[in-house]
Amino acid sequence: MTEITNFRGEATPQSQATRLEAEVSALIQRVGDRVRRARERRGIPRRVLSDISGVSPRYLAQLEAGEGNISIGLLQRVASALDHRIEWLVGEEDPWNSDALRVADLFRSSSSDVQQAVLRLLNPEPAETLRAHRICLIGLRGAGKSTLGALAGQALNIPFVELNSEIEEQSGMPVSEVMALYGQEGYRKLEAQAISRIIATHDSMVLAVAGGIVAEPETFNALLDHFHTIWLKTSPDEHMARVRAQGDERPMAGNPEAMEQLQSILTSRETLYARAQAQLDTSGQSLESSLAQLLALIEERRFLG
């Protein structure tokens with residue numbers, strides 16, 4: 001999809017359906033070609049591969065011809081039968097000629113000391129330099145990112161930016177319309193672009209981001225690399241109560257399982273949120289107390305130098 005900007009004519013997005021269809025077709029062709037090449041390199045007849053994997057010879061023939069829309073489960077069987085990792089069959093990098101994949105394999109099998117040395121060589125600029133004086137608040141809705149972020153920015157005399165507001169300004173429409181027109185993928189595209197612009201234009205700031213940004217690996221890694229990240233956390237009950245106190249009844253409206261779903265989302269994201277440099281639990285805390293703890297944390301960790 002071309003870059004989404006606004007309706008003023010700066011950019012015209014390609015048909016999402018057409019592009020997705022082309023990407024799916026290319027993936028099916030790539031998987032088929034990789035399976036065939038792997039089988040031929042190992043000198044395994046298709047019938048033998050069928051016996052080992054449990055996938056019928058006819059289906060394997062369709063797969064290798066780029067005509068079989070194989071399930072993940074069956075593809076894992078084929079990959080195991082070929083003694084390949086499944087990502088070798090689906091990734092854009094050619095597993096037989098890619099230096100990047102070879103380096104990744106060597107990295108995975110290396111000791112922790114070697115891995116750290118490689119990371120220092122590949123990214124010689126110190127992390128503190130990359131992060132400058134940028135602070136990013138992450139966490140679920142209702143954790144206090146927007147409220148505490150704005151107050152912290154005011155207290156520290158540095159800009160506060162809410163990422164969704166930046167996205168709306170760039171796209172010329174509310175986030176809800178972005179989602180309706182371009183879907184989750186379009187929103188994530190704009191989100192990544194907004195992060196890049198903010199990094200390029202701010203050396204000192206407080207940023208509040210949407211809770212789901214951690215599920216987008218490339219964008220979240222950019223945050224971790226270029227911001228001092230703080231996970232604002234609270235109990236599921238307080239998350240829900242704070243969202244409702246803001247006048248948003250959507251989490252509970254007609255959905256008796258809303259709390260269970262919230263807890264499930266929190267559980268699934270906890271390991272991602274925990275990658276932040278620091279954490280602040282605002283459960284049972286007043287706004288004044290939470291702000292004081294946040295400012296103390298920023299000073300203690302020397303996020304602003």
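**View A. Helix H13 crosses helix H14 in a right-handed sense.** A crossing is right-handed if the near helix is turned clockwise from the far one by less than a right angle, and left-handed if anticlockwise. In this predicted model, local features require pLDDT of at least 70 and side-chain atom pairs pLDDT 80 or more, whereas totals for chains, interfaces and linings use all residues. Residues are numbered from 1 along each chain as its sequence is written, and side-chain values use heavy atoms, without hydrogens and water. H13 (residues 236-245) and H14 (residues 258-273) pack at about 115 degrees, their axes 10 Å apart. Helices are DSSP runs (H or I, at least four residues), numbered from the N terminus; axes are lines fitted to C-alpha atoms over the stretch in contact, and angles run from 0 to 180 degrees between N-to-C directions. Contact (heavy atoms within 4.5 Å) joins Pro 236, Asp 237, His 239 and Met 240 of H13 to Ala 258, Met 259, Leu 262, Gln 263 and Leu 266 of H14. These residues comprise six nonpolar, two polar and one charged.

**View B. Helix H11 packs with helix H12 at an angle of about 15 degrees.** The axes of H11 (residues 175-201) and H12 (residues 217-226) lie 10 Å apart. H11 is therefore roughly parallel to H12 (angles under 35 degrees). H11 passes H12 in a left-handed crossing. Ala 192, Ile 195 and Ile 199 of H11 meet Thr 219, Ala 222, Leu 223 and His 226 of H12.

**View C. Arg 188 is situated in helix H11.** An unreviewed UniProt entry lists Arg 188, Gly 211 and Arg 269 under "binding site"; such annotations may be inferred rather than shown by experiment.

Notes
Helices (H or I, at least four residues) and strands (E, at least two) are DSSP runs, numbered from the N terminus. Angles under 35 degrees count as roughly parallel, over 145 as roughly antiparallel, 65 to 115 as roughly perpendicular and the rest as oblique. Ala, Val, Leu, Ile, Met, Phe, Trp, Tyr, Cys and Pro count as nonpolar, Asp, Glu, Lys and Arg as charged, and the others, Gly among them, as polar.
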